[in-house]
Amino acid sequence: MLRAMMLRPILACLVLAALSGPAAASCYADYKAKQDNPLRLHYGVIELPDAACNSRDAATREIDRRIRRGGWQLLNVMSIFGASGLGERKASAGGYFLKY
């Protein structure tokens with residue numbers, strides 16, 4: 001009886017772990033964008049959904065969709081990278097670091 005009571009929390013944890021699936025690895029992109037009248041440029045870093053991580057075209061569409069809401073036009077997706085590349089880009093992106 002005691003043994004069965006001790007196994008229940010362990011089994012519950014195993015079931016929850018199996019249902020939650022593997023942890024998704026985040027990916028990010030850095031990009032350049034502009035606004036006209038007057039001309040303004042910015043360099044930014046953005047977190048991408050998993051579906052956009054393996055395709056530059058998908059990343060481009062996602063970034064363009066999100067920054068357009070802020071009135072920006074995407075010029076270039078520079079690179080797609082993992083979390084290890086965030087630190088070296090943070091200062092350069094300034095206020096556009098993970099803004100969109």
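**Figure 1. Overview of the chain.** From the N terminus on, the elements of this predicted model follow the order α-β-β-α-β-α, which amounts to three helices and three strands, where helices (H or I, at least four residues) and strands (E, at least two) are DSSP runs numbered from the N terminus. Residues are numbered from 1 along each chain as its sequence is written. Because the model is predicted, local features need pLDDT of at least 70 and side-chain atom pairs count only at pLDDT 80 or more, while totals for chains, interfaces and linings use all residues, and side-chain values use heavy atoms, with hydrogens and water left out. Of the 100 residues of the chain, 32% are buried, that is, under 20% relative accessible area with a 1.4 Å probe and protein chains only.

**Figure 2. Confidence along the chain.** The average pLDDT, the predictor's confidence in each residue from 0 to 100, is 84 for the chain, and 75% of the residues score at least 70. Over residues 10-24 the pLDDT is below 50, and beyond near neighbours in sequence this stretch has one contact (heavy atoms within 4.5 Å) in the model. Where pLDDT is low, the predicted coordinates should not be read in detail.

**Figure 3. The largest nonpolar core.** A nonpolar core is a set of buried Ala, Val, Leu, Ile, Met, Phe, Trp, Tyr and Cys residues joined through side-chain atoms within 4.5 Å; the largest one here has 16 residues, and among those with the most contacts inside it are Ala 29, Tyr 31, Ile 46 and Leu 74. Two or more residues each come from β1, β2 (40-48), α2 and β3. Leu 74, not counting residues up to four places away in sequence, touches Tyr 31, Lys 32, Ala 33, Thr 60, Ile 63, Asp 64 and Ile 67.

**Figure 4. Two aromatic pairs.** A search of the whole structure finds two aromatic pairs, defined by ring centres within 6.5 Å for Phe, Tyr and Trp (its six-membered ring), with planes under 30 degrees apart counted as stacked, over 60 as edge-to-face and the rest as tilted. The ring centres of Tyr 28 and Phe 81 are 6.2 Å apart and their planes stand at 25 degrees, so this pair is stacked. Because Tyr 28 lies in strand β1 (residues 27-35) and Phe 81 in strand β3 (residues 73-81), the pair ties together parts 53 residues apart in sequence. Trp 72 and Tyr 96 have ring centres 5.6 Å apart and planes at 80 degrees, so their pair is edge-to-face, and both residues are buried.

Technical notes
Buried means under 20% relative accessible area, exposed over 50%, partly exposed in between (1.4 Å probe, protein chains only).
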